[in-house]
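Here are my notes on this one, point by point. Have the viewer open while you read.

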Amino acid sequence: MMFSDRDLLPAALAAGEGPTIVCAQLGNVNTGSCDDVTAVADAVEGAGAWLHVDGAFGLWAAASPRFRHLVAGAERADSWATDAHKWLNVPYDSGVAFVRDGEALRAAMAVTAEYLPTDSTHRNPSDYTPELSRRARGVEVWAALHALGREGVDEMVTRHCRQARRFAERLSAAGFEILNEVVLNQVLVAFGDAEQTANVIAAIQAEGTCWAGITVWQKRTAMRISVITWATTDEDVERSADAMIRVARSVLR
Ligand SMILES: Cc1ncc(COP(=O)(O)O)c(C=O)c1O
């Protein structure tokens, strides 16, 4: 059963049978919106359920004093998942899981075989991941965190959220409809109906100043602007907004 409305959660938990995992999300892929994890944790507490937080990109808001309130309550979860290849900008497949009960993680992931001795005094990394073989992704994550430091990650997250709001301001001032409340780094903009919006997005992609993809959110076709690259400057945002507006006006003329 999927429950999207957290008011339904206590009833759903009471009705559930067997082991239950409740998954809250920090950073909706379309809108950037975040579940109220404190409210979800209150509902889950005492119900014997496992609270997981999907913070693929939204968990990084914790690095920014300005946006940290969006992730409040995450510290009460049993586990988090986040992607260092999203907001930290390291190469793909640097997914990270944080699990409060390390033994539960080991019990779920460890694979034993005669050729894989397990009686080491050292921590055996493959006991904690789905793979036996993998490259040293942690090196890149460590290097990025070391180079940026707490302040560098904060600067990047805070800048991208400000830049997302700037995109929304520019596009809205030009007469285009912003569909979401811009809480993080995601902006959804419609250029009219589904066909008009799809045509404008294709033309923006072809023009090449910047790239943003198409999505459908709450039955509306929209362009999804996701500001997440470390290299994006305020000037890039202005140039990109200029190009979007210019192209949209010419397509819709
Ligand atoms: C909120 C959220 N959860 C999960 C995922 C999936 O992440 P991955 O592709 O690393 O499995 C994404 C990817 O966009 C996401 O934004």
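1. How many aromatic pairs does the count come to by the ring rule? The count comes to 3 aromatic pairs, where rings of Phe, Tyr and Trp (its six-membered ring) pair if their centres lie within 6.5 Å. Planes under 30 degrees apart count as stacked, over 60 as edge-to-face and the rest as tilted. Before going on: this is a predicted model, where local features need pLDDT of at least 70 and side-chain atom pairs count only at pLDDT 80 or more, while totals for chains, interfaces and linings use all residues. Numbering runs from 1 along each chain as its sequence is written, and side-chain values use heavy atoms, with hydrogens and water left out.

2. Phe57 and Trp87 make an edge-to-face pair, at 6.3 Å centre to centre and 65 degrees between the planes. This pair links distant parts of the chain, 30 residues apart: Phe57 is in the loop between β2 (50-54) and β3 (79-83), and Trp87 in the loop between β3 and β4 (95-99). Helices (H or I, at least four residues) and strands (E, at least two) are DSSP runs, numbered from the N terminus. Both Phe57 and Trp87 are buried, meaning under 20% relative accessible area, with exposed over 50% and partly exposed in between (1.4 Å probe, protein chains only).

3. Phe176 and Phe191 have ring centres 5.0 Å apart and planes at 65 degrees, so this pair is edge-to-face. It too links distant parts of the chain: Phe176 sits in the loop between α4 (137-173) and β5 (177-178), Phe191 in the loop between β6 (186-190) and α5 (194-207), 15 residues apart. Phe176 counts as buried because its relative accessibility is 12%; Phe191 is buried at 2%.

4. Now the ligand. Around it are Gln25, Gly27, Val29, Asp54, Ala56, Phe57, Asp83, His85 and Lys86 (a heavy atom within 4 Å). Polar side-chain atoms make these contacts (N or O pairs within 3.5 Å): Asp54 lies 2.7 Å from a ligand nitrogen, His85 lies 3.3 Å from a ligand oxygen, and Lys86 lies 3.3 Å from a ligand oxygen. Taken alone the ligand exposes 400 Å², and the protein buries 54% of that (Shrake-Rupley method, 1.4 Å probe).

5. Disulfides, meaning cysteine sulfur pairs within 2.5 Å: a search of the whole structure finds 0. For Cys23, the nearest cysteine sulfur is that of Cys34, 13 Å away. Cys34 has its nearest cysteine sulfur in Cys161, at 9.4 Å. Cys34 counts as partly exposed because its relative accessibility is 21%.

Key: A polar contact is a pair of N or O atoms within 3.5 Å; within protein, one must be able to donate a hydrogen and the other to accept it, and residues adjacent in sequence count only if both atoms are side-chain atoms.
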